[in-house]
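Good morning. I will go through one structure today, and I will give each term its cut-off as it comes up. Please have the model open while I talk.

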Amino acid sequence: MKQWYLEEKNFIEEFARREDISCKIVFEQLRSLWTTFCLHFDLAPDTGMYDLIMLDIYGEAEENKNLSEKLMDFDSFDNFMCGCLV
């Protein structure tokens with residue numbers, strides 16, 4: 001399971017780093033990938049492990065420089081990403 005976990009997490013991070021997430025549909029795709037990951041690995045919003053992984057993904061998205069203006073801060077990004085989980 002650890003290998004599957006790492007592959008899926010790396011895929012999401014790579015997606016956040018390389019795709020144009022300023023495009024609404026691509027950003028929705030990122031959220032869908034994240035939602036699926038959380039369901040696969042039983043991650044609940046606002047838990048320690050969830051927050052650590054979300055920080056990694058936010059860091060990749062921030063490096064991408066394609067975050068929209070309204071989602072540039074971590075809290076806004078996190079709130080959007082967990083929208084399907086709460």
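Start with burial: a residue is buried when its relative accessible area is under 20%, exposed when it is over 50%, and partly exposed in between, using a 1.4 Å probe and protein chains only. Cys82, at 10% relative accessibility, therefore counts as buried.

Two notes on where the values come from. This is a predicted model, in which local features need pLDDT of at least 70 and side-chain atom pairs count only at pLDDT 80 or more, while totals for chains, interfaces and linings use all residues. Residues are numbered from 1 along each chain as its sequence is written, and side-chain values use heavy atoms, with hydrogens and water left out.

Now the cysteines. A disulfide is a pair of cysteine sulfur atoms within 2.5 Å, and the structure holds 0 of them. For Cys82, the nearest cysteine sulfur is that of Cys38, 8.9 Å away. Cys23 is partly exposed, at 30% relative accessibility.

Next, the core. A nonpolar core is a set of buried Ala, Val, Leu, Ile, Met, Phe, Trp, Tyr and Cys residues joined through side-chain atoms within 4.5 Å. The largest one here has 24 residues, and Phe27, Leu30, Trp34, Leu43 and Phe77 touch the most other members. At least two residues of this core come from each of α1 (2-18), α2 (24-40), α3 (48-64) and α4 (74-81). Those labels are DSSP runs numbered from the N terminus: helices are H or I with at least four residues, and strands are E with at least two.

Look at α2. The expected span of a helix is 1.5 Å times one less than its number of residues. With 17 residues, α2 should span 24 Å, and its end C-alpha atoms are 24 Å apart, so the two agree. Its buried residues are Val26, Phe27, Leu30, Arg31, Trp34, Thr35, Phe37 and Cys38. They pack against α1, α3 and α4.

Contact means heavy atoms within 4.5 Å. Beyond its neighbours within four places in sequence, Phe27 is in contact with Ile21, Leu67, Leu71, Phe77 and Phe80.

That brings us to rings. Rings of Phe, Tyr and Trp (its six-membered ring) pair if their centres lie within 6.5 Å; planes under 30 degrees apart are stacked, over 60 edge-to-face, and the rest tilted. The structure holds 10 aromatic pairs. In one of them, Phe27 and Phe77 have ring centres 5.9 Å apart and planes at 45 degrees, so the pair is tilted. Phe27 is in helix α2 and Phe77 in helix α4, so this pair ties together parts 50 residues apart in sequence. Trp34 and Tyr50 form an edge-to-face pair, 5.1 Å centre to centre with 65 degrees between the planes.

Last, the loop between α2 and α3, where Asp42 lies. Most residues other than glycine have a negative phi. Asp42 is exposed, at 71% relative accessibility. Asp46 is in that loop too, with phi near 60 degrees.
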